[in-house]
Amino acid sequence: MKNGIPRSSTEKTMLSLQATLRFFRDTQPDAPFLGRLDAFIREVQDGIHGGNYKIGAPKIIPKLKEDKASDTKINICRPIASFGLKDKLILSITNRYLTGVFDPFFIEHSFAFRAKRLINGKLMCPTHHEPVQEILDYRKRFEEGSLHVAECDMKKFFDTVSHTLIKKIFAQFFNRKGMEDYQAQDLADAKRILYDYLDSYTFNKTVLPLNQKQAHFDRFQIPKGEYGWVGKELIAKDYYKRLSSAKIGIPQGGALSGLIANAVLHGIDKKVNALQDGKLLYLRFCDDMLIIHPERNKCEQAFQRYLLGLKSKKLVVHDPVETPYATAKKFWSEKSKSCYSWGNESGMGSPWIGFVGYEMHYQGHIRVRKSSLLKEMKKQFRVVGDLKQILKDPQCRSGKGSIYESVASRLIGMSVGRVSLWNYKQIPNEMCWVSGYKLLTDNKYSRIQLKRLDSSRNRLLLKLRLMVGKMGADDKDDTDSEERSRISEPIYHGFPFSYYYQALKDK
């Protein structure tokens, strides 16, 4: 426990590791694993400060953009870069150091991949909740009438950003006033690792050739796999004469990529912020951006400045769509939108705006973004589907009741956290779906969504229990009475474990 609240699983794991190390260093200091651990720690330290270590090329892992691979159409993937353990540690330490050095230069309303700051009296890194709260507070300032909103999302930012541009920008950062306050050798080591990181990977040379090797995707059970790119747009916009000789793209999943994104987009942030008149709200969360202003022309001016900034850095955006929109479905399907009205007007705008997983009504209601809701429901189906395959496996030796309990616990854990009947009122919802939507308000829109998630999960668990029970009945000789009892008893205990209760319990 910590301050009367159960510790998170991450904290408990760390405390267990620290206690184990203390015990062995005190009682068995010659234990072989301690020697190997100390040697590895020295290798990491030498990798950072020795000057000779090079970051190795990452392993590329395809991650499907859709929830399930199709056998009939091309399966577009994003390339996730996985570095070796030593490289991961060195990159993580370097990122923490450089984020502390450069974070004070970035604007306040850039929220992703930032250093800790004071938020509601607690020192913590900003999350996606903070920009949404900024929008809600801003709306309260301008409750009367409509506001004007513009949204922009980039295409393949991490896959298209130029190494030449990155090095130029960081050279300026390393030469900024205030750098003399840091140890010159530490800065030199961090700079070397940063440039090693860039040299270890380019999208056009590391990833793009894999599109010609279906065996690469077959290893991950993805038929007709392909890494999508925007090479034609880069040429059409005259950003590059020849893509083959350009160094483009940074690793997705690498520790330093978030810091690089903030550094590259910082100049654009400053140019838009220069238009601040006390009424402009400009928010950026990595490569997602939102602009709000009571006056349409001021909103449009800020939006155009942002787009020109992206063009100057050879970045591609989803083409902004002009209002009016033909249908609500068309409106929500667009990733970039030119200035539109946020209010009760119809035809030229919308009563809702969406940002980082939330949708906000002009009257202050909050609900889950529809795409995020569907993604969670598909995740429920995937978890149950995976376990159904295990049940059908004749080599499966686990009891069917145990498997059912495992699925039920996993579904509840991923939705509301590790809650129990004795602590469901107090326990914080950590590392679960509900924790990602703690700003939800109790309104008719969110209630419908949350009850829909509960209903979906309940139906899946019922179907699974019936399936397991039938299998138990067919295999009575192999299923003892205790096992059959576990199958027949439902695991789900009602509202303490529901999306609806846990998301709105404080409301």
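Me: What makes Arg176 count as lying over the face of Phe105?

Reply: In this predicted model, Arg176 lies at 4.1 Å from the ring centre of Phe105, and a charge has to be within 6 Å of the ring centre, as well as within 35 degrees of the ring normal, to sit over a ring.

Me: Which aromatic cluster does Phe105 belong to?

Reply: Phe105 forms one aromatic cluster together with Phe102, Phe106, Phe170, Phe173 and Phe174. Leaving aside neighbours within four places in sequence, one of these, Phe170, is in contact with Phe102, Leu194, Tyr195, Leu259, Ile260 and Ala263.

Me: Why is the pair of Trp433 and Tyr499 called edge-to-face?

Reply: The ring centres of Trp433 and Tyr499 are 5.4 Å apart and their planes meet at 75 degrees; since rings pair if their centres lie within 6.5 Å and planes over 60 degrees apart count as edge-to-face, the pair is therefore edge-to-face. A search of the whole structure finds 24 aromatic pairs.

Me: How do you know that this pair links distant parts of the chain?

Reply: Trp433 belongs to the loop between helix H15 (400–416) and helix H16 (444–474), whereas Tyr499 belongs to helix H18 (residues 499–504), and the two are 66 residues apart. Both Trp433 and Tyr499 are buried.

Me: Why does Asp189 count as buried?

Reply: Asp189 has 4% relative accessibility, and buried means under 20%, so Asp189 counts as buried. This residue lies in helix H7 (residues 184–199).

Me: What makes the link between Asp189 and His49 a polar contact?

Reply: The side chains of Asp189 and His49 are joined at 3.0 Å, and the limit for a pair of N or O atoms, one able to donate a hydrogen and the other to accept it, is 3.5 Å. Not counting residues up to four places away in sequence, Asp189 touches Ile48 and His49.

Me: Which residues have the most contacts inside the largest nonpolar core?

Reply: This core has 76 residues, and those with the most contacts inside it are Phe102, Phe157, Phe170, Ile260, Ile291, Tyr306 and Leu310. Helix H11 (residues 257–273) gives the largest share, 8 residues.

Note on methods
Residues are numbered from 1 along each chain as its sequence is written. This is a predicted model: local features need pLDDT of at least 70, side-chain atom pairs count only at pLDDT 80 or more; totals for chains, interfaces and linings use all residues. Side-chain values use heavy atoms; hydrogens and water are left out. A nonpolar core is a set of buried Ala, Val, Leu, Ile, Met, Phe, Trp, Tyr and Cys residues joined through side-chain atoms within 4.5 Å. Buried means under 20% relative accessible area, exposed over 50%, partly exposed in between (1.4 Å probe, protein chains only). Helices (H or I, at least four residues) and strands (E, at least two) are DSSP runs, numbered from the N terminus. Contact means heavy atoms within 4.5 Å. Rings of Phe, Tyr and Trp (its six-membered ring) pair if their centres lie within 6.5 Å; planes under 30 degrees apart count as stacked, over 60 as edge-to-face and the rest as tilted.
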